[in-house]
Amino acid sequence: MKIEDVQSTARQQRVAAHTHIKGLGLDAQGCAMPIGTGMVGQEKAREAAGVVVELIRTKKMAGRALMLAGAPGTGKTALALAVAQELGPKVPFCPMVGSEVYSSEVKKTEILMENFRRAIGLRIKENKEVYEGEVTEISPEEIENPLGGYGRTVSHVILGLKTTKGAKQLRLDPSIYEQMQKEKVTVGDIIYVEGSTGAVKRVGRSDAYATEFDLEAEEYVPLPKGDVHKKKEIIQDVSLHDLDVANAKPQGGGSDLATVMGSVLKPKKTEITEKLRTEINRVVNRYIDQGIAELVPGVLFVDEVHMLDIECFTYLNRALESSLAPIVIFATNRGVCTIRGTEVVSPHGVPVDLLDRMLILRTLPYSLEEIVQIMSIRAETESLSIEDEALAALGAVGARTSLRYAVQMLAPSRILAETSGRVSIHPDDVAEVDDLFFDAKASAAILVKSDGYLA
């Protein structure tokens, strides 16, 4: 007889480059703490980002743009993600890279517009009439088949529901009875029936029927409180892009093979017409005026903005000024360079008229102490045990090379420490990893010495 250990099915958290960022790390007055919620240093930039977050929350920032400019590895993406964390999960955050717009199937401006629409949320409030309770009876009333023949058909069904406050008998359409059969509803189940659509949802079995057996397949739920007939407010969060896609694709579909294959095989990416978007905007504005929906302008983060060309920049000028525009955060590490698609030289590779519409934030290189602090936070995030001397050695490597290279050295150092039979990372492990691998500057120095070829 073979006995095997069953591996845990608990999902392990995947650690990404910015997993440790949980917010901007500001106090109640909006001043940056030296270390807070994963952010270290960059006090001025973080305080400025805090002001932007307040503007977004008060909906005063729609259609404006923010530019994060700084050297590589100074925390531009981290700042943008910290802004997203501060805004919370309800505010849409759509990250993209400048080079994403170049596609052989769709226009550049279409991809930009798509991402703009993804970053604008719509919170739809809907009041639904619901009948909720424990099923006390299901009595289908049958009549002779009006079409003749020997069969009998269900004319209506009598459904008994009870809650803690009272009970009610409902006379329902036969189509609702069919739904109840599909949901396998029996007496003693807790269900709710939507008044407007007639949709039936089985919540679970009433806990009055819960037995003393430990192994039960059923989910037991308590008897609903209040009346059987209730009004519920249901809030749905969608983005404008979701509405575009839902209306662009033809609804329904035939049962023939061509239709089935067409839905299985991913079709070519098609453009959503401006006419359809205008129509959706009109409907959305009507909903907002009626108070049914609320617009939630989110954040569109465009990294490597210098990769966009002059066509995209001129389109952005117009898109930023439209009534339905999100907050756009650009990031670039370029100084004065040519605008792509032209021979014009401009700061950050962005036309001056678009730069004029932006608030520009500068990120500064990290000091040695800040690099050590970041390494300590990363080690904790990756569940690594590291000695203080090893942290200091990593900090020195980060100051000499770059922060990214130092962060990448953590995992190989851990493997070397485990190979040597140690639990925590020792300075010797850091020195060995530094000896094994080259950073970008060291590699470039070797290439310079060897006339551009690897010897």
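**Local features of the predicted model**

At 64% relative accessibility, S383 counts as exposed, where exposed means over 50% relative accessible area, buried means under 20% and partly exposed is in between (1.4 Å probe, protein chains only). This is a predicted model, so local features need pLDDT of at least 70 and side-chain atom pairs count only at pLDDT 80 or more, while totals for chains, interfaces and linings use all residues. Residues are numbered from 1 along each chain as its sequence is written, and side-chain values use heavy atoms, with hydrogens and water left out.

Back to the backbone. S383 has a positive phi, near 55 degrees, despite not being glycine, and sits in the loop between α10 (368-381) and α11 (388-400). Helices here are DSSP runs of H or I with at least four residues, strands are runs of E with at least two, and both are numbered from the N terminus. Most residues other than glycine have a negative phi. H348 is another non-glycine residue with a positive value, near 60 degrees; its loop runs between β16 (345-347) and α9 (352-355). H348 is buried, at a relative accessible area of 16%. A positive phi also turns up at D451, near 55 degrees, following α15. At the other end of α15 (residues 440-449), D439 provides the N-terminal cap, with a side-chain oxygen 3.0 Å from the backbone nitrogen of K441. For such a polar contact, a pair of N or O atoms must lie within 3.5 Å; within protein, one must be able to donate a hydrogen and the other to accept it, and residues adjacent in sequence count only if both atoms are side-chain atoms.

Helix α5 (residues 240-248) has L240, H241 and D244 as its buried residues. Viewed down the axis of α5, these fall within an arc of 100 degrees, so they line one face of the helix; the arc is taken from the directions from the helix axis to the C-beta atoms. The buried residues of α5 pack against α3 (108-118), β5 (120-144), β11 (229-239) and α7 (274-290), with contact meaning heavy atoms within 4.5 Å.

As for aromatic pairs, the count comes to one. Rings of Phe, Tyr and Trp (its six-membered ring) pair if their centres lie within 6.5 Å; planes under 30 degrees apart count as stacked, over 60 as edge-to-face and the rest as tilted. The pair is F93 with F301, stacked at 6.4 Å centre to centre and 15 degrees between the planes. F93 lies in strand β4 (residues 93-97) and F301 in strand β13 (residues 299-303), so the pair ties together parts that are 208 residues apart in sequence. F93 is partly exposed at 25% relative accessibility, whereas F301 is buried at 3%.
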